[in-house]
Amino acid sequence: MGRAFEYRKAAKLKRWGHMAKTFTRLGKQIAIAVKQGGPDPDMNPALRSVIVTCKRENMPKDNIERAIKNAMGKDTSDYKEVTYEGYGPHGIAIFVDTLTDNTTRTVGDVRSVFNKFNGNLGTTGSLAFLFDHKCVFTFKKKDDVDMDELILELIDFNVEDEFDEDEEEGTITIYGDPKSFGAIHKFLEEKGFEDVGGEFTYVPNDLKDVDAEARATIDKMVEKLEDFDDVQNVYTNMKPEGAE
């Protein structure tokens, strides 16, 4: 198994934050999807994908419908996807993914946390060599599907040959080129897979091991960053507990 697969298996793409924070993040994603493709999920693949993720995160149906309705009457044109990169304590690389309508506020919030933990906020792209940008799709597995054949069919979309299977949930998770997000989503739906949820992630390619005290500090820093509503996800290259 490859480095990225082992990392994901151990980390489970861990996110910090409580339920309300998760719903806020998903609400923004719904708003952007509606703005780009309209409020009808049947005609908007991006919105369908976000809704699947919402359901997977146990977001109530009423909340999803309310978010779609609110998005129709809200100006989301000012929302921007902005990433912030830098080093936290113990030399751990930290990648902060945000969705904001006020970059001045957001960069101030992010910088305040880096300063509090004696970190250094770098320039955009400064950590690109440490992280691989991926699109991630999770969908219900079909009993009659040969995964080796499916992955072979997905090679044209630069999908990795390694995948994650959750036997308890009955789902498969694949990883591919972010530029092929739409094509992969369309392919999976046309193949009849159900509950196809997709998103983007950053996978570190240079894991750094730390002791328990350092791990606790980094975890606390990540929690502080994810307390901000503008922050969507935080990624680090800290080696997860249990990773080989």
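I184 lies in helix α7, residues 181-190. Helices here are DSSP runs of H or I with at least four residues, strands are E runs of at least two, and both are numbered from the N terminus.

A word on the model. It is predicted, so local features need pLDDT of at least 70 and side-chain atom pairs count only at pLDDT 80 or more, while totals for chains, interfaces and linings use all residues. Residues are numbered from 1 along each chain as its sequence is written, and side-chain values use heavy atoms, with hydrogens and water left out.

Back to I184. Buried or exposed? Buried, at a relative accessible area of 0%. Buried means under 20%, exposed over 50%, partly exposed in between, with a 1.4 Å probe and protein chains only. Beyond its neighbours within four places in sequence, I184 is in contact with C135, F137, F157, V159, I174, G176 and D177. Contact means heavy atoms within 4.5 Å. L154 is 30 residues from I184 in sequence, and 7.6 Å away C-alpha to C-alpha.

Next, the rings. Phe, Tyr and Trp rings (six-membered ring for Trp) pair if their centres lie within 6.5 Å; planes under 30 degrees apart are stacked, over 60 edge-to-face, the rest tilted. That rule gives seven aromatic pairs. One of them is F95 with F131: tilted, 5.7 Å centre to centre, 55 degrees between the planes. F95 lies in strand β2 (residues 93-100) and F131 in strand β4 (residues 131-140), so the pair ties together parts 36 residues apart in sequence. F95 is buried at 4% relative accessibility. F131 is buried too, at 6%. F95, F131, Y202 and Y235 form one aromatic cluster.
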